[in-house]
Each structure stands twice: as structure tokens, then as C-alpha cells.
Amino acid sequence: MRLAELSERSGVSTATIKYYLREGLLAPGRQINTTTAEYDEGHLRRLRLVRALIQVGRIPVATAREVLGHVDDDSLGRTIRLGAALWALPQGAEPDEEDPAVVAARREVDRLLAGLGWETARELSPLSPVHRSLVVAVAALIRLGYSWDAELMAPYAELMHQVARRDLDYLETHASDAERVETAVAATVLFEPVLTALHRLAQEEESARRYGL
């Protein structure tokens, strides 16, 4: 397809597409002549991902470029490639290692992962921004007096493992590793709000069933 059709199908203006091309967020099309290039379904798919990152996720262009660099790095194994792309997304605040609540939270998170048998998560914990975000969140609960320990978190973690299985089952319906990683990144930005909303709706429903309106 030509640039005009790519713009029409993606909902992204030609000026914005040209900007993404200049910034390295979108690969160049196949050059037909000195003034015209041709684009394919891969470009359309990538534009959707870029829109998810920048327009919906409000992620800076430099960060989006880093995420996409990991998406395209076929020298990495599938798990590392996926993890690197997701880790490059904006994360929460860094934990204060001198904070007693952080120390307690880190201990409970480690007990949780050990109890679940999530050995990869434990092995990668010193590097993982996702692990650090969990520690910070649990530390906030502990700091405010909530007894949030490994035993309380375990049932939630087991439910999220089921969600992760469904995620990966869906990713495996895509043909290439690049498409799978692209979809995982887009889902992190677009689908996590869906999970949050479903959680709250489920709470409303369960409350009505238990206690009435």
C-alpha cells in the first residue's frame, strides 16, 4: 500500500507517519522510485503498536524507540526478548532499600515467589523493574499498617498465573516472534486497564450477591 492508504487504514496522519519514520519508530517502506515507497501489513501492525505506546500510554518517543528495539531484536531468546520489551516500558518509583517497610516487603515477595515455585522470577528479581514495582506496592501497604504477606498474596498470584497462561495462549496464535512481542507490549498498555475494570466489576457483583444492594 502507498502512504495515503497506510494513513487511511491506520488512522494516523501522513505527517505523523513521516515523523515516526524519521524517529526510527517505523521501518522505511520498499522504495518504488525516488519519491514513492510501498508499505505492507507489518507497517500497519507496527503503527497500531506505536499509537498504543505514544497516544494511549503517553510513553515518550525515546522510550518507545527503546521498547521497539527490543521487539525487533531477534538475537534474543523468546522469553528474554519479551521481558526486555516489557521492562523498557515506564515503571514505578525505585524502592528505598533503607526503608524498613521495603525490607519487609522484599522478604514477603521473596517468600511468595519461593512458595509458588516461580524460580525464573526469583532469579531475575535483582534486574526486574516489575519485581521492584511489586516490592514498592507491598511496602506501601505495610507502611500503612496492612498485614500484607506472602500468604495473602499467593491466591492472587495463582489467579494471575492463569491470566498469564491465557495471554500466552493468545500470543501463540500469531505467526512470528516479532508479532507475539508486539502484541504483548500492546496488551500491557491497552489490556491492563481492562483487567482492572473487570476486577472492580467483579467486586461489585460479589458484594451484591453477598450483601444485597
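I take contact to mean heavy atoms within 4.5 Å. With that rule, L6, R9 and S10 of α1 touch E41, H43, L44, L47 and R51 of α3.

**Ground rules.** I am working on a predicted model, where local features need pLDDT of at least 70 and side-chain atom pairs count only at pLDDT 80 or more, while totals for chains, interfaces and linings use all residues. Residues are numbered from 1 along each chain as its sequence is written, and side-chain values use heavy atoms, with hydrogens and water left out.

**Overall.** I looked up the elements and found 11 helices and two strands in the protein. These are DSSP runs numbered from the N terminus, helices being H or I of at least four residues and strands E of at least two. From the N terminus the order is α-α-β-β-α-α-α-α-α-α-α-α-α. Along the principal axes, the C-alpha atoms fill a box of roughly 65 × 45 × 30 Å.

**α1 and α3.** I went back to helix α1 (residues 3-10) and helix α3 (residues 41-56), whose axes come within 10 Å and cross at roughly 45°. Axes are lines fitted to C-alpha atoms, for helices over the stretch in contact, with angles from 0 to 180 degrees between N-to-C directions. The pair is therefore oblique, the class left after roughly parallel (under 35 degrees), roughly antiparallel (over 145) and roughly perpendicular (65 to 115). The crossing of α1 and α3 is right-handed, meaning that the near helix is turned clockwise from the far one by less than a right angle. I sorted the residues of this contact into three nonpolar, two polar and three charged. Nonpolar here covers Ala, Val, Leu, Ile, Met, Phe, Trp, Tyr, Cys and Pro; charged covers Asp, Glu, Lys and Arg; polar is the others, Gly among them.

**α6 and α9.** I next took helix α6 (residues 100-116) and helix α9 (residues 150-171), with axes that come within 9 Å and cross at roughly 50°. That angle makes α6 oblique to α9, and the crossing is right-handed. E108, V109, R111, L112 and L116 of α6 meet A150, E151, M153, A154, A157 and E158 of α9. I counted seven nonpolar, no polar and four charged residues in that contact.

**α11.** I checked the length of helix α11 (residues 192-211): its 20 residues should span 28 Å at 1.5 Å a residue, and the end C-alpha atoms are 29 Å apart, which agrees. The expected span is 1.5 Å times one less than the number of residues. After α11 comes G212, with a positive phi near 80°.
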